[in-house]
Amino acid sequence: MKKLSLKAKRRSLFIAYTAVLIALNIALKFCSINLGTFSISFAYIPCILAGVFMGPLSGGMVGLLGDILGTLAKGLAPSPLIPISFMLMGVIPGLIFMIKKLHPYIKLTISLVLVLCICTMGISSYATWLLTSAGASGKSFWAYWLIDRLPKQPAIFAINSAIIFALYYPIKKLIFDRMDNKLATDSDIEKQESMVTENNEN
């Protein structure tokens, strides 16, 4: 049986882990904690982890497909803007983690701050206002943002962020470090494969 190359193995693991995180994102749509006036959702976590460990493409797919399929699974129609927000939740960490010289926790902090500002408090807030408040109450976006979003969403996001920080190193060590050169470029992998071939020939 022919042994899979590092490139083929990385591609297979990329597809498998992305599919698992999409499924987890869908499942978490049904697992929010209701606290009366608001609920805590954990759907941010798989999007951000996909971007952190597998790059912006995987992060974007997990966010976009997870939100659309999860919304459909709940019997609702997807909003045009909210899936874009979830997609960016995966893309932004994926791009930030391409910066090699920064400590992972610094990159994670930058990613989470950008996701909070751009996605949660920005795009998602505007999309939710359009769906819930714009027509029903005539409340302006900024009134909705200050009264309904600002007191709740940063706290919800902080809970998700704490979980992500706690999971980062255990998940990295137990799962993603086993992806051979998952962050390497194809040229890096080809060089390593050629070195292995030369060593075997010698």
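## Order of elements

From the N terminus, the elements of the chain follow the order α-β-β-α-α-α-α-α-α-α. The chain has eight helices and two strands, where helices (H or I, at least four residues) and strands (E, at least two) are DSSP runs numbered from the N terminus.

This is a predicted model, in which local features need pLDDT of at least 70 and side-chain atom pairs count only at pLDDT 80 or more, while totals for chains, interfaces and linings use all residues. Residues are numbered from 1 along each chain as its sequence is written, and side-chain values use heavy atoms, with hydrogens and water left out.

## Confidence

The mean pLDDT of the chain (the predictor's confidence in each residue, from 0 to 100) is 83, and 81% of the residues score at least 70. Confidence is highest in helix H4 (residues 82-96), with a mean of 95, and lowest in helix H8 (residues 186-201), with a mean of 52. The pLDDT is below 50 over residues 180-189, a stretch that has 20 contacts in the model beyond near neighbours in sequence; a contact means heavy atoms within 4.5 Å.

## Burial and surface

Of the 202 residues in the chain, 39% are buried; buried means under 20% relative accessible area, exposed over 50%, and partly exposed in between (1.4 Å probe, protein chains only). The chain exposes about 11,100 Å², of which carbon and sulfur atoms supply 69%; accessible areas come from the Shrake-Rupley method with a 1.4 Å probe, and for residues only the protein chains shown count as cover. Among contacts between residues at least 6 apart in sequence, 70% join residues at least 24 apart.

Helix H2 (residues 44-54) is largely enclosed by the rest of the structure, because 11 of its 11 residues are buried. Its buried residues include Tyr 44, Pro 46, Ala 50, Phe 53 and Met 54. H2 is followed by Gly 55, whose phi is positive, near 100°.

Leu 21 belongs to helix H1 (residues 6-28) and is buried, with a relative accessible area of 10%. Not counting residues up to four places away in sequence, Leu 21 touches Pro 46, Ala 50, Met 54 and Val 62. Leu 21 and Val 62 are 41 residues apart in sequence, yet 6.3 Å apart in space, C-alpha to C-alpha.

Ser 85 is located in helix H4 and counts as buried, at 0% relative accessibility. Beyond its neighbours within four places in sequence, Ser 85 is in contact with Cys 119, Thr 120, Ile 123 and Ser 124.

Ser 124 is located in helix H5 and also counts as buried, at 8% relative accessibility. With neighbours within four places again set aside, Ser 124 is in contact with Ser 85, Cys 119 and Arg 149.

## The largest pocket

About 930 Å³ of space lies in the largest pocket. A pocket is defined on a 1 Å grid over the protein atoms alone, as an open set of points where a 1.4 Å probe fits, with protein on both sides within 12 Å along at least five of seven lines; lining residues have an atom within 4 Å of a point. The volume is the space filled by probe spheres set on the points, which are joined across faces, edges and corners.

The lining holds 29 residues, and Ser 39, Ser 41, Ile 82, Thr 128 and Arg 149 lie nearest the centre of the pocket. Helix H3 (56-73), H4, helix H5 (104-132), helix H6 (141-149) and helix H7 (153-174) each supply at least two lining residues, and H5 gives the most, with five.
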